[in-house]
Amino acid sequence: MVSSEINIKQKMADTIRFLASDMVQKANSGHPGAPMGLADIMVVLSEHLKHNPKNPKWLNRDRLVFSGGHASSLIYSMLYLWGYDVSLDDLREFRQFGAKTAGHPEYGEIAGVEITTGPLGQGVANAVGFAMAKEYSANLLNSDSCKLIDHKVYCICGDGDLQEGISYEACSIAGHLKLKDLILIYDSNSITIEGDTSIAWSENIKLRFEAQGWSVLEIDGHNFKEIDSALNLAKGGDRPTLIIAKTKIGKGALELEGSSKTHGSPLGEELIKRAKDKAGFPSNKSFFVPEDVLIRFRCAVEKGELLEREWRHLQKQAPLIEQNHTLERLLNPDFSNIKFPEFNSDEMVATRDSNGKILNAIARAVPNFIGGSADLAPSNKTELKDMGDFPNGRNIHFGIREHAMGAITNAMALYGTIIPFNSTFFVFSDYLKPAVRIASLSNIQNFFIWTHDSIGVGEDGPTHQPIEHLTQFRALPNFYVWRPADATENVEAWKSALEMEAPHAFVLSRQKLKVLKPKRDFGDVSRGAYLLKRRKGATLTIMASGSEVILALQSACHLEVLGVRANIVSVPCLDLFEEQTREYKEQVIDKDTKVLAVEASRAIEYYKYADDVIGIDSFGASAPAKRLFNKFGFTIENVMRRACDLVGVEYREVNLDVTIY
């Protein structure tokens, strides 16, 4: 590399450094250290990256994920320099209310941000998800003579990302699957907030990744030639590649170079001016971009448009008719052809079992509906029958990696050609919470299948009985938690969920539940709650979800013997019901009735509607499920007693041996 080329690259890198430091300084908030340390890598990566700033959604673009949100000023600087819809004024508004350039980049708020990475390590797992989506899509769309999908997935991460456990899980599955188009660039500056990483970390990252089946390259992250050589080697590899780039945090920040003090605080105007002087930049100017530097970076626009035009031209070739037909089905899935299963009212079916049949019905009609379980498919009932294993088939074996599984499927959902689902026991949804939160924040249509929904798991005991989880996830904005009462309601719930651009959870029973009359008037399941049973002259409304709906029905029938008439409201999705108009809610819950809610969970959220709630206010126990439901008051007798107390009727024993509803 001749000296003139090195000089212009150095100038480009310094431009990035000073844009990032100026952004943080003006906002008086942010992280200048990582952007300054990564600037040299970004200059070279710019020459390798295949993308089109004028069409950020071009399918065959390289995916670039910044796992560390503390590099946000770097991301925004690059988007501006490459020619995305980001201006210098946007950079000046960094971290201000209403600006595109938020403190951490959010998907959907600014073009060019592939995904909201959020907590450290999520972005690494997201990158694995993009690479998995690429692999599956390529297997469907590519032929020996024509490759419609041949891009790479790049991820830039730091020490913090690799210390988080989610990155171990994600990189383990990436190595196992030999995701050769995944390139992870590790900004190894040995600094975290508290100081040098040696105070808490001493593992050999090279050996760790090699043990996981990765190729590993080690370079000087400030040497342009070494960076370029490593990227070329990685692009031609036969497995995922980790590039360990030794860098200095705050590179170019004079006496603070290499110091943890550059991590999360502005450098100060005086130091920035001196640093600019030393680099030959005008010290009296902020957000200064030399014209020759901007021209070099903006080549991304012309290059990207040419690459996309060539790809579009390729699509028009006659031999690609079948491939383009498949691509159209992936990009625009048709749910109208799904032949959902039907269930008879004399059946007893656990909703996890009915859900398995529903998943298979969807997969048969929708070629990009794929997913799997965290080593629990036989229990979660998520196997897609006769559809093979990933990457050639539909079943993904995530292994016991719930942390990574949620983030992987988030990225798969944003890839453009995949509708993913993932599954585990409901109690282990705690492991997925960061990914679920990001899905909700970013409006990602990801389907979380959670089985073993309550104390009904019985002998497994309180460690496996998710008594507080419904409340936790219902509190999450823009997340829809479905707990269907029976197999047929489960079908109706899926019909609604598939049409919504949002994340959903299906919380399903292990125990068998009676199928309610399949031809009954459901009311509107898509509105979250509906009148399942109306009684003229009712003085009571009983709300319930899941396995407790049949209990509510039976209790209401026995209450009639005591002269108490009760309406029954099934609540498959309390989140959706919350969004309905007051008029609709008053149609469902008669304001002239007392309201009793029944749910085998904490259920405190029902107090918004109910006068009394039969829920669980302690952890469960280990015993057969029937014994536990009796112990915690989920019996006809207890529901009747509490109902009578509410409406002021004296309770007396009735014959409960007769099973009615």
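**From overall form to local detail**

Buried residues make up 60% of the 661 residues in the protein chain, which is a predicted model. Its secondary structure comprises 23 helices and 20 strands. The C-alpha atoms occupy a box of roughly 95 × 60 × 45 Å along the principal axes. The radius of gyration is 28 Å, which agrees with the value near 26 Å that a compact globule of 661 residues would have. Of the contacts with a separation of 6 or more, 78% join residues 24 or more positions apart.

The surface and the charges may be considered next. The protein chain exposes about 26400 Å², of which carbon and sulfur atoms supply 48%. There are 75 positive and 85 negative side chains, and the centres of these two sets lie 2 Å apart.

In soluble globular proteins, nonpolar side chains tend to be buried together. In this model, the largest nonpolar core contains 90 residues, among which F369, W494 and F634 touch the most other members. Helix α19, spanning residues 548–559, gives the most to this core, with 7 residues. A second, separate core has 72 residues, including W58, A174, L327 and M405.

The surroundings of F369 can be traced residue by residue. When its neighbours within four places in sequence are left aside, F369 is in contact with L359, I362, A363, L384, R394, I419, F421, F447 and W494.

Most residues other than glycine have a negative phi, and most peptide bonds are trans. Against that background, the peptide bond from F390 to P391 is cis, with omega near 15°. P391 is placed in the loop between α14 (377–380) and β10 (395–397).

Two residues that are not glycine, N478 and A603, have a positive phi. For N478 the angle is about 60°, and this residue is found in the loop between α17 (469–474) and β13 (480–482). For A603 the angle is also about 60°, and its place is in the loop between β19 (594–598) and β20 (612–614).

Are these two residues buried or exposed? N478 counts as partly exposed because its relative accessibility is 29%, which falls between the limits of 20% and 50%. A603, by contrast, is buried, because its relative accessible area is 0%.

Methods: Residues numbered from 1 in each chain as written. Predicted model: local features only at pLDDT ≥ 70, side-chain atom pairs only at ≥ 80, totals over all residues. Heavy atoms only, no water. Helix = DSSP H or I, 4+ residues; strand = E, 2+ residues; numbered from the N terminus. Rg over C-alpha atoms; globule rule 2.2 N^0.38 Å. Buried < 20%, exposed > 50% of the residue type's maximum accessible area, 1.4 Å probe, protein only. Contact = heavy atoms within 4.5 Å. Areas by Shrake-Rupley, 256 points an atom, 1.4 Å probe, with all protein chains shown as cover. Lys, Arg positive; Asp, Glu negative; His and termini not counted. Charge placed at Lys NZ, Arg CZ, Asp CG, Glu CD. Core = buried A, V, L, I, M, F, W, Y, C linked by side-chain atoms within 4.5 Å.
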